[in-house]
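Here are my notes for anyone opening this one for the first time. Have a look at the structure, then read on.

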Amino acid sequence: MTSRLHLLAGTSLLLAAAAGCGPTATSGGKWSGRSADFRQIIERAKGRVYPAIVFVKPIREEFSGGEKQKMEVFGSGAIISTDGLMFTNAHVAEKAASIRVVLGDKEQYPANLVGLDKETDLALLRIELPAGHPPLPVVEFGDSSRVSEGEFVMAMGSPFGFTRSISFGVISNTRRYIGFRGQYKYNLWLQTDAAINPGNSGGPLVDSEGRVVGINTLGAGGEGLGFAIPSNTARAVLETLREKGSVPRAWLGLDLQPLKDFSQNTFFDGDRGVLAAGVEDPSPAREGGIQNGDLILAVNGRPLDAVYVEDLPAVRCRLAELPAGAPAEFTVRRKGQELKLAVTPVDTGEFEGEDFDCKRWNMTVKGISRYATPQLYYFRKQGVYVQGVRWPGNAQDAGIQAGDIIMSIEDGKGGTVEVASVRQLREIYERLMADPKREKKVLLSIKRGAYVRPLILDYRRDYKEESR
Amino acid sequence: MRMSKSFRSRSRWARPASGAVLGLVLSVAAAAASPARAGEPAEPPAAGPAPAPAPAADGAAAAAAAPTADGAGGEERDKAARDAELRLKVMEAARRTFVRVVITPRWDEDCLLESLTRSDYSGRGAWDQAGRVAASRLDSLMQHETARQAITVPGVLVGRGLAVIEDDGTGWEWKLVGKVEIVDASGRRWPAKVARLLTRASAYVFETEGAEPPAPPAWRSDFKLGAGERVLSASLLADPADPNRWFVSCAGALLPFDSSPASADRLTFAGRSQGESGSGASPGVFFDAGGRPACVALQSVRLDNDAPAAWRPAEMLESGSVAWADVEKVQARVSAETRRVSYKVRFEFRVDKDDEEEPGGMAARFHPRGLYGGDSGPQDAEAFGVSIGGGRIFIPRMLDGQSVRMLEKVAVKVGDEWRPAVFAGAFRGLVGMLVEVPGARLEELSGFLDTKGVPAMTPFVYCQAEELLGEVRAEARTVRYLAMHRGHGDRLRPNAHWVPPGALLFDLKGSLAGMAVSERAEPTLFQLAGSNGLGGYGDGEMTLSGFSAHRELFSDPTRAFEPSWRPMTRQEQRRLCWLGVEFEPVAEELAERLGCSRETRGGQVGLIVSTVYPGSPAEKLGIRAQDILLRLGVDGLGEPVPLMARYAGATDAWGRSAMLGRMGAMAGMGGMGRTWKPRANFLTRLLTEAGPGRKAHVTFLASADRKVKTGSFEVGWAPEDYDSAERLKDEKLGLAVKPITYEVRTALGLKPEDPGVIVSWVEQGSSAQVARLAPFTLVLGVDGRPAGSTAEFAKAVEDARKQKKDSVRLQVSVMGKCRFADLKLGE
């Protein structure tokens, strides 16, 4: 039951909140001459947006509990094309075995995933309409860059499954950065106090003109604290998803730090460039010669500045747009000297690793990925880790724990093999299961913390059969 | 009556063999060893009276012959009848020979308080004696108070108004003796007091007071022991169920002792309680075939399984005795002498506070164990020691190794003031420590007696100082000497092993004879392993030593000290010796699968190596990950020890929550958990206790070729590890850093040349915390300079301060992600 309620408890977020500016004075221009009658605003918004609101009901396949489980989740969305394209959040539509959508509380249809981008938490679906269905109502996007603090907005969606609900509030901030952790590094957020609850995810944030200025995504657990993806960002991403099914990004291996980092109380002089605080090893940036502490001034001749943390997403987007495989020229300042370095970005690859349920072993595994599991990635760049261990279960009995990295396993052919990918592990698992004469025990070695140890996984018991 | 054996510190009244009341069959002492000739003092037996062929057949036959013996023949029946007649005669004679010595305890508030307060001293082992004395006193006092019961012990009339009772070697609780009365079989009572302590026979002589003392029976003065004459033994016993009923017993038959009319009215109920100690059956008396008493048998105090000593009364009384009044005088002198040379010593221990501050602080928490064991002893401990000359004080107790290492200060009370002292060392072969008081003039022990050639049963007086109820006391008690410790030279063996260690030993003239010390054998590797390598040594066997035995030791003690038991700094204490591996226990199934069930004894033995540290002895021996360690031996510490899987302990928790819990969160914000185990594990602790410099041998199964190999290495100090490394704390910045030690480097996959220090602690609200530093974050550089060590880090911060900078810029890294963090310098 989700819109992802991020408990962004942690002073970082509060700090961000504290550091953010209060509502600026309105220009006055926008409102002058127009009636600020609430009833009219709401009626207008409703009229324009309501018909296109969608209640999204995916059946998700979850692997974190040690076995593949199906869960019904809900979220919201809105239709953007008359033939059935609609948007919602990635965290609503991801890993869906099937999706049903309810339109206007009167019709229900299946929908398919067209494309998904975890970094910006957006997903594009296509509603499977029966032949001859009349064209669907669509929403209109507004210009999120012209939104200002204090402006009235409405969040529409299905909080807690209560479909087609409207909540009302103002824009609290227009340039909120919450990319401190693994995700959300490529965009800023609209913050609003319109109630965003689990179930609202993916629904539109609508201005007083009835235009979608944001896509509701996160609630912060506190009252009056919700975040929406700005519509300009969403439009660009949705367009790319429609064309390509995903958003290709380039990876350089740079950890950037703004020049004035209030959250970490660290300030550099100057107002040009962005700090390469860290360069991963190995990475294209490292290979190109960029070092920790370099100040990147320009890429391919165009200046690149990130003075504040809110500037970072734009910088990252610029870097991500560099074509993979083609060297880009980086202008870098190091110890007072300017250097030009050639860095060839590579494709980012998948955000998270593949999931697999080792049914008989009662555990689920997942590929280690740079973005989703950076701490495991640090120890093993290409590998598989245990995502979940079912209780009761064979893996549990063997002492395997979630978070263990599977280093090596018997390959079923008499030898032992290093495990580098989920696919490889799946092959071995299937081979072992398919061999009826084989003793139902497998020797594998896991890395837990800093240490590697061998284990016997005894799978003579069929737990799932018993529990039926 | 429940025989208040507790009235004595330790009742060693010989118990009837099977709990039921039986006559004891005694063997008669051999002629050679017994004081057989009248008028001559007995020869000191070399090893106590030797057993003589006992005319036990008679007694046995008599006992075995049940009253319902079938008519197997008239002759037999006649014999049985004659035996029965004899028995009756003997028992009637016994009635005239035995008396009951009735002792009424007196109320002593001091004893009461002492007993109650002593329960705070939870001692253990041999040091429980004080506790036992206290408990027994309390018992007697309470018994008297609540049940108004007196204690009765069997006595034998050996002369006019003279009765002897056995000294079981514990010494009576003379403090609690109030009124004494001697009561004969007819019920007549005489007041009495203790008159003499016999020095060859283990007995006390009581004398009645007043006119008309009881007359003894006619003892056979010409009785020759061992001459083949038939004797029957008898003794005086109490009914275990009813302390007021006494019996004389002979060869299995019983006759009530009390013939007074009053006792005839007593009703007896069936169902005697078994097992409760009946009163002792000693002293016993041998009667001849005519029913005349021949000799007294004392049996409480014996050397091993020797026969009891049998005495003719005349000889017994003349064999050697000391007036009790004199004994009391000696005890007083001894007490004063003991107090003169005893000094109170106080040990103060270090308190390691910073352990608590450190997150993931998995370092073994060191708590001083104090002198009485237990896990968290007090922060200081006190004990009495004896001054042995040269400003040195010997404390006969032992702190354990851990506690010694945590010693911070030692002080000795001289007169009224506490003088600082120095911990000189802990003895290896004895339980005891030595402290030195520089520049102090201390009283000294003087006058050592040569304890060779001391006859058996000789009483000695032992005394030890202690502080109780607000004053320093030294209670002197007597103990009987038995024999020289065979093969141990000048070591005395008392009959009682409850003489507390450190007690001084004096003879009855008040001359110092020796001191009680516990000996200690050097522990073997197996013992160290069993005690979890924590350096706990068991109490050694207690011996009373003639002082000359240890004079050498005390004159040059440094040679005899345990080198690793000395005060250490916190850092030193945490040093470990190493082999250089991390391990997991092997399990049965795993062993089977790896094909090493035989070597690992079905998975019971074996530690699977998970990591080998570079530069370690293990690496040099060619041990690799997945090898299985089987056995460890250390030269000089006995047999090698199998490395049992159970020693590995719980090793599972490491790394899991640290990694998983923080996975989704905080990448780049610090917040990494501790993924490396503490280096203090079973193996390192064992090697550390074994001590550096020793040669060790490890047997392991190499996983590569499945061969069992043995490698030798010298036990040496490991490089410092995370828990033992000195931390550098900068209060103003609000953080502490430690060097990146070898196991952390391996755990984080860092190369040896990668510079950096690791944050071990961040203060809430400090500039370090505001800059989002967290424990286990690596600091790679400061203001552009690499921070290769805590010293470099400190220097860089100091330089920044000198330059009056606002802040220092740190380059930090968590899991490979680097960033910069400015820390505001000081306020």
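This is a predicted model: local features need pLDDT of at least 70, side-chain atom pairs count only at pLDDT 80 or more; totals for chains, interfaces and linings use all residues.

1. Start with chain A. It has 468 residues, and 57% of them count as buried. Its secondary structure comes to ten helices and 30 strands.

2. Now chain B, with 827 residues, 56% of them buried. You'll find 19 helices and 40 strands here. Chain B exposes about 34,200 Å², and carbon and sulfur atoms account for 51% of that.

3. Next, the space inside. Searching the whole structure turns up 13 cavities of 30 Å³ or more. The largest cavity holds about 760 Å³ of space. What sits around it? The lining of the largest cavity counts 37 residues, and those nearest its centre are A:Lys185, A:Leu254, A:Asp255, A:Leu256 and A:Arg316.

4. Which elements give two or more residues to that lining? From chain A they are strand E14 (250-251), strand E15 (254-257) and helix H6 (312-320), and from chain B strand E40 (817-824). Sorted by class, the lining of the largest cavity has 19 nonpolar residues, ten charged and eight polar.

5. You'll find A:Leu218 in strand E12 of chain A, which covers residues 212-219. Is A:Leu218 buried or exposed? Its relative accessibility is 0%, so A:Leu218 counts as buried, the cut-off being under 20%. A:Pro198 is 20 residues away from A:Leu218 in sequence, while their C-alpha atoms are 8.5 Å apart in space.

6. Last, the cysteines. How many disulfides does the structure hold? Over all chains, the number is zero. Two cysteines of chain B are worth a look for their burial. B:Cys596 has a relative accessible area of 1%, so it is buried. B:Cys818 is at 8% and is therefore buried too, since buried means under 20%.

Terms used
Residues are numbered from 1 along each chain as its sequence is written. Chains are lettered from A and ligands numbered from 1 in the order in which they are written. Side-chain values use heavy atoms; hydrogens and water are left out. Helices (H or I, at least four residues) and strands (E, at least two) are DSSP runs, numbered from the N terminus. Buried means under 20% relative accessible area, exposed over 50%, partly exposed in between (1.4 Å probe, protein chains only). On a 1 Å grid over the protein atoms alone, a cavity is a set of points where a 1.4 Å probe fits but cannot get out, and a pocket is an open set with protein on both sides within 12 Å along at least five of seven lines; lining residues have an atom within 4 Å of a point. Grid points are joined across faces, edges and corners, and a volume is the space filled by probe spheres set on the points. Ala, Val, Leu, Ile, Met, Phe, Trp, Tyr, Cys and Pro count as nonpolar, Asp, Glu, Lys and Arg as charged, and the others, Gly among them, as polar. Accessible areas come from the Shrake-Rupley method with a 1.4 Å probe; for residues, only the protein chains shown count as cover. A disulfide is a pair of cysteine sulfur atoms within 2.5 Å.
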